[in-house]
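Welcome! Please take a look at the structure below, and then we can walk through it together.

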Amino acid sequence: MPIPEYWQQTLVPTHTPGGRPIRRGPKVSSLQEVAAVVAAGEAVCLIHGDAAHYYRWPGLRYLHPYDAPTGHWVLTWPTAGETDLVRALAQAAEDAGPRMGLGNAGQ
């Protein structure tokens, strides 16, 4: 299922804020494919900053653009599927609180 156009333009815009077109790279369908394409020098890509921690890839450098908005993650589940286990996970996540920064994970 394709994502809505407004979401596509937010995450992967077709033009710069100044109106210049942004050239598209190869089509990919997973973060691992993104990493392989970038590592091969076929593209550059903006991805969520947590990728530097969770998706390390040899030969890639992760850099947070100074003026990029901060991304936020949320835990989501279907209301009809809310169980004691789901509520316990949500409570544990809330109790753990925010974890700020990646340290040197992207270096």
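## A first contact

Let us begin with one alanine: apart from residues up to four places away in sequence, Ala-35 touches Trp-57 and Leu-60. Ala-35 and Leu-60 also belong to the largest nonpolar core, which has 5 residues in all. In soluble globular proteins, nonpolar side chains tend to be buried together.

## How confident is the model?

Keep in mind that this is a predicted model. The average pLDDT of the chain is 81, and 91% of the residues score at least 70. Over residues 102-107, however, the pLDDT is below 50. That stretch has 11 contacts in the model beyond near neighbours in sequence.

Helix α4 covers residues 84-96. After α4 comes Gly-97, with a positive phi near 70 degrees.

The structure holds 2 salt bridges. Arg-87 meets Asp-84 at 2.6 Å, N to O, and Glu-82 at 3.2 Å, N to O, so that Glu-82, Asp-84 and Arg-87 are linked in a network. Asp-84 and Arg-87 are about one helical turn apart because they lie 3 residues from each other in α4. Asp-84 is exposed at 59% relative accessibility, while Arg-87 is partly exposed at 38%.

## A valine in a loop

Val-74 sits in the loop between α3 (51-54) and α4. Is Val-74 buried or exposed? With a relative accessible area of 70%, Val-74 is exposed.

Definitions and conventions: Residues are numbered from 1 along each chain as its sequence is written. This is a predicted model: local features need pLDDT of at least 70, side-chain atom pairs count only at pLDDT 80 or more; totals for chains, interfaces and linings use all residues. Side-chain values use heavy atoms; hydrogens and water are left out. Helices (H or I, at least four residues) and strands (E, at least two) are DSSP runs, numbered from the N terminus. The expected span of a helix is 1.5 Å times one less than its number of residues. A nonpolar core is a set of buried Ala, Val, Leu, Ile, Met, Phe, Trp, Tyr and Cys residues joined through side-chain atoms within 4.5 Å. Buried means under 20% relative accessible area, exposed over 50%, partly exposed in between (1.4 Å probe, protein chains only). Contact means heavy atoms within 4.5 Å. pLDDT is the predictor's confidence in each residue, from 0 to 100. A salt bridge is a side-chain nitrogen of Lys or Arg within 4 Å of a carboxyl oxygen of Asp or Glu.
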